[in-house]
Amino acid sequence: MGKRAFNLPNMLTYARILAVPMVVLCFFLEGRLQSSDFARWSALAIFIAASVTDYLDGYLARV
């Protein structure tokens, strides 16, 4: 069981789990900084990276 917990599809899933608080943090900072474009673009970049890892996770898990 331990070996399967650290395979690549699971590591991508763990990365997506960690990405959620980072997006929330960007939204929190965006509210505190009075419409910071950096926070918005950072949230978008994190979301896109999480989307790509979701695709790769699904592909690799089925291979």
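Author: Start with the whole chain. This is a predicted model. The protein chain has a radius of gyration of 15 Å, whereas a compact globule of 63 residues would have one near 11 Å. Along the principal axes, the C-alpha atoms fill a box of roughly 45 × 20 × 10 Å. The protein chain holds three helices and zero strands. Read from the N terminus, the order is α-α-α. Of the 63 residues, 25% are buried.

Now the part itself: helix α3. Helix α3 runs over residues 37-62 and has 26 residues. From its first C-alpha to its last it reaches 38 Å. That is close to the 38 Å expected at 1.5 Å a residue.

Next, the buried side of the story. In α3 the buried residues are A39, S42, A43, I46, A50, T53, D57 and G58. Their cover includes α2, residues 8-32.

Take I46 as an example. Leaving aside residues up to four places away in sequence, I46 touches A19, M22, V23 and C26.

D57 lies in helix α3. Is D57 buried or exposed? D57 counts as buried because its relative accessible area is 12%, under the 20% cut-off. Which side chains make polar contacts with the side chain of D57? One is the side chain of T13, at 3.0 Å. Another is the side chain of R16, at 3.1 Å. The wider set of contacts takes in further residues. D57 touches P9, L12, T13 and R16, again not counting residues up to four places away in sequence.

Finally, the record. The unreviewed UniProt entry carries the annotation "transmembrane region" for residues 12-29 and 41-61. How does the model look over those spans? Residues 12-29 are 100% helix and 0% strand. Their end C-alpha atoms are 26 Å apart. Residues 41-61 are also 100% helix and 0% strand. There the end C-alpha atoms lie 30 Å apart.

How values were computed
Residues numbered from 1 in each chain as written. Predicted model: local features only at pLDDT ≥ 70, side-chain atom pairs only at ≥ 80, totals over all residues. Heavy atoms only, no water. Helix = DSSP H or I, 4+ residues; strand = E, 2+ residues; numbered from the N terminus. Expected span 1.5 Å × (residues − 1). Buried < 20%, exposed > 50% of the residue type's maximum accessible area, 1.4 Å probe, protein only. Contact = heavy atoms within 4.5 Å. Polar contact = N/O pair within 3.5 Å; in protein donor to acceptor, adjacent residues only side chain to side chain. UniProt positions renumbered as here; feature names shortened; annotations may be inferred. Rg over C-alpha atoms; globule rule 2.2 N^0.38 Å.
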